[in-house]
Amino acid sequence: MADVDEERNDNLLTYVMAEQSDRSTPPPAKIPRPDEEKKIVLVTGGSGMVGKAIRTVLEEEEANEKEEWVFLSSKDADLRSMDETRALFAKHHPTHVIHLAALVGGLFRNMKYKADFLRENLLINDCVLHCCYEFGVEKCVSCLSTCIFPDHTTYPIDETMIHNGPPHSSNFGYAYAKRLIDVQNQAYHEQHGCHFTSVIPTNIFGSFDNYNLEDSHVIPGLIHKCYMAKANNTELTVWGSGKPLRQFIYSKDLGRLLLWVLRNYDEIEPIILSVGEEDEVSIKEVAEMIAEAMDFKKPLVFDTTKSDGQFKKTASNAKLKRYLPDFKFTDIKQAIRESVDWFVKNYDQARK
Ligand code: NAP
Ligand code: GDP
């Protein structure tokens, strides 16, 4: 009797395994490359702020002749389409991927387009991660965000707490799509042994940011508003009470850290890339820094009819500091000055 049961179980197992392998496309045979030692690093979202920052850091500080870098924009492929994404991977055969492409925006854009943020990011992430699997990519690093953390939580928030409760209602579309990257990374690792991981940056700012007045994040939005207020001799209106707290990271610092993650970080679990808790600032303080960098002298006006969003999302960078105890973040005032200078100098071409 036991033998019959065992046989039946074996048959069932064979059947289930056959079913499973039918469902998931096996990775294609490895394409022989002329220089096996060379990494081919594909950067999705390479034309955005973070992609440009990686490019700058590579050019100025961190070039490595054993790496060939390909920076992509949406013109190379619409990553919401599996066919276009597959064609892109078939063209480049990356060994490594830094996955940045996403529908991105500040609080007010997130509040307006929750379904778009959910769907577009789900589609993009599914296409990119599945192609990483199909094409045998050795390592993929994707980008989450501290704004995906639970709204009701204890502080500081760390990497283990991503799924511990619903995100803030203002951006739940974006947040759930991004949280799923962590779930996808674990699933591809456990089922297929893939090395897919993710980073969790705080609010990012710098050159090549989106400086749109309505849809951007707070720093680029206020830089643009201050520029207009100065040019037209009007007030600088900060949305909300100015009281919420944020940690910010300069895009160049993030570029440096992403290179380190790609080259040296081996965990599947995410890592928070942030300044320390002691460097958290209020929106009012940030607005004052921007006004100072722009030499704008009028008092700030706060429009409290506008949303404050999540009050704070204080994140711990203890894990990062264990790996990189000596990493120095750019001083926020210096980084804001550099971003203001970039925006003023590149006003005509800046995304706005
Ligand atoms: P960004 O400047 O808005 O750039 C977005 C990039 O994604 C662009 O290269 C864009 O291509 C590309 N893209 C968008 N939709 C696409 C599609 N359907 N197909 C192909 N490419 C597409 O964004 P970012 O600020 O550099 O953000 C990079 C990553 O960091 C994102 O994953 C974002 O979620 C994350 N993040 C950002 C912040 C922040 O404060 N900005 C904070 C935390 C995490 P085009 O240039 O052709 O449009
Ligand atoms: P978040 O950090 O993900 O919430 O996104 P943002 O970068 O959009 O920051 C939102 C915070 O900045 C909220 O407290 C807003 O009330 C405040 N804020 C003040 N002025 C602006 C502005 O011009 N644009 C944006 N996006 N937020 C602003």
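The shell around ligand 1 in this predicted model comprises 14 nonpolar, ten polar and four charged residues, where Ala, Val, Leu, Ile, Met, Phe, Trp, Tyr, Cys and Pro count as nonpolar, Asp, Glu, Lys and Arg as charged, and the others, Gly among them, as polar. Of the 28 residues around ligand 1, those that come nearest are S47, S74, L100, Y174 and R351, a residue being taken as near if one of its heavy atoms lies within 4 Å of the molecule. Polar contacts (pairs of N or O atoms within 3.5 Å) include one in which an N or O atom in the side chain of S74 is 2.6 Å from an oxygen atom of ligand 1. Polar backbone atoms also take part, that of G45 at 3.3 Å from an oxygen atom of the ligand and that of A102 at 3.4 Å from an oxygen atom of the ligand. Ligand 1 has 910 Å² of accessible area on its own, of which the protein covers 87%, areas being derived by the Shrake-Rupley method with a 1.4 Å probe. Two or more residues of this shell are given by each of α2 (49-62), α6 and β6 (203-205); helices (H or I, at least four residues) and strands (E, at least two) are DSSP runs, numbered from the N terminus.

Ligand 2 is surrounded by 18 residues, the closest being L107, K225, R246, S307 and D308. A polar side-chain atom of R246 lies 2.7 Å from an oxygen atom of ligand 2, and a polar backbone atom of S307 is 2.7 Å from an oxygen atom of this ligand, while an N or O atom in the side chain of K313 is 3.1 Å from an oxygen atom of ligand 2. Of the 540 Å² that ligand 2 exposes when taken alone, the protein buries 97%. By class, eight nonpolar, six polar and four charged residues form the shell. At least two of its residues come from each of α4 (107-112), α7 (218-232) and β7 (237-239), with α7 giving the most, three residues.

The patch draws at least two residues from each of α5 (114-134) and α6 (172-192), and α6 provides the largest share, four residues. L118, located in helix α5, counts as partly exposed because its relative accessibility is 31%, the class lying between buried (under 20%) and exposed (over 50%).

Residues are numbered from 1 along each chain as its sequence is written, while chains are lettered from A and ligands numbered from 1 in the order in which they are written. In this predicted model, local features need pLDDT of at least 70 and side-chain atom pairs count only at pLDDT 80 or more, whereas totals for chains, interfaces and linings use all residues, and side-chain values use heavy atoms, with hydrogens and water left out.

Terms used: A polar contact is a pair of N or O atoms within 3.5 Å; within protein, one must be able to donate a hydrogen and the other to accept it, and residues adjacent in sequence count only if both atoms are side-chain atoms. Buried means under 20% relative accessible area, exposed over 50%, partly exposed in between (1.4 Å probe, protein chains only).
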